[in-house]
Amino acid sequence: MKIRPKHAALIALSTVLLTACSSGQELSYGGKATGEDLEVTVLRVEQGGADDLSVLRNPERYAGRTPYYVHYRVTKTTDGAAEWPDLDVSGDEGRLTHLSIRPGFPTPTVDANGDVTMVPAPEFTACVPDDTDGKDFDAAPKGRSYPSCGVYLTDEGGTGPTRVEWLPGSGKGDPIAVWK
């Protein structure tokens, strides 16, 4: 079968358009991506320091790893339930580890007189995620925005992130958007 030049151009254009549709929105930091019921903007990625992790339990677990903070904003585009975005961060060596940091509990101490005092848990303040309850998020009206931050760690001696992807809810398939 012989393909005529005008058909070859049409096939090439169709291939380019289909590839562009399946690869998601390509954006720079600060660019806004639109999904089914959300808009997500990755504002910036900042490199943290090893001492940032010293307030965590067992900080020696993170020796040689560098934290990176992905600051982003989520805006609801519809009323009703919506799924919080799933971000994946990768560098030249592969995916960075997402570190979920929850508030710690105070430590009770007893003095010589038997009085109990509570020593507050150290706080991780370098990157504070949004802590909105899922029900409150679903009940929020269209247009409500939520600033948030995610902590991602390199492998020991690894380099920083080169891309942030917004993955579909299943985590499978092409990303909805990619920030570089």
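This is a short tour of a predicted model, going from one selection to the next.

**Stop 1: the open sheet**

Start by colouring strands S2, S3, S4, S10 and S7. In that order they form an open sheet of five strands, and the pairing is antiparallel. At the edges you will find strand S2 (32-34) and strand S7 (97-99), each of which pairs on one side only. Look along the sheet and you can follow its twist, which averages 35° from one strand to the next.

**Stop 2**

Now zoom in on S2 and S3. Three bridges join this antiparallel pair. Select Lys32 and look across: Thr41 in S3 stands opposite.

**Stop 2: a loop residue**

Which loop holds Asn58? Follow the chain from strand S3 (38-47) to strand S4 (67-76), and Asn58 is in the loop between them. Show its backbone: the phi of Asn58 is near 55°, a positive value in a residue other than glycine. Asn58 has a relative accessibility of 36%, so it counts as partly exposed.

**Stop 3: Ser148 in strand S10**

Move on to strand S10 (residues 145-153) and pick out Ser148. Is Ser148 buried or exposed? Its relative accessible area is 7%, under the 20% cut-off, so Ser148 is buried. Display the side chain of Ser148 and you can trace it to the backbone nitrogen of Asp130, at 2.9 Å. Leaving aside residues up to four places away in sequence, Ser148 touches Val70, His71, Tyr72, Trp84, Val128, Pro129 and Asp130.

**Stop 4**

Next, centre the view on Val164. Not counting residues up to four places away in sequence, its contacts include Val42, Val45, Val70, Leu87, Val89 and Trp179. Tyr29, Asp88, Ala177 and Val178 are also among the residues that Val164 touches.

**Stop 6**

How values were computed: Residues are numbered from 1 along each chain as its sequence is written. This is a predicted model: local features need pLDDT of at least 70, side-chain atom pairs count only at pLDDT 80 or more; totals for chains, interfaces and linings use all residues. Side-chain values use heavy atoms; hydrogens and water are left out. Helices (H or I, at least four residues) and strands (E, at least two) are DSSP runs, numbered from the N terminus. Buried means under 20% relative accessible area, exposed over 50%, partly exposed in between (1.4 Å probe, protein chains only). A polar contact is a pair of N or O atoms within 3.5 Å; within protein, one must be able to donate a hydrogen and the other to accept it, and residues adjacent in sequence count only if both atoms are side-chain atoms. Contact means heavy atoms within 4.5 Å. Two strands pair if DSSP finds at least two bridges between them. Axes are lines fitted to C-alpha atoms, for helices over the stretch in contact, and angles run from 0 to 180 degrees between N-to-C directions.
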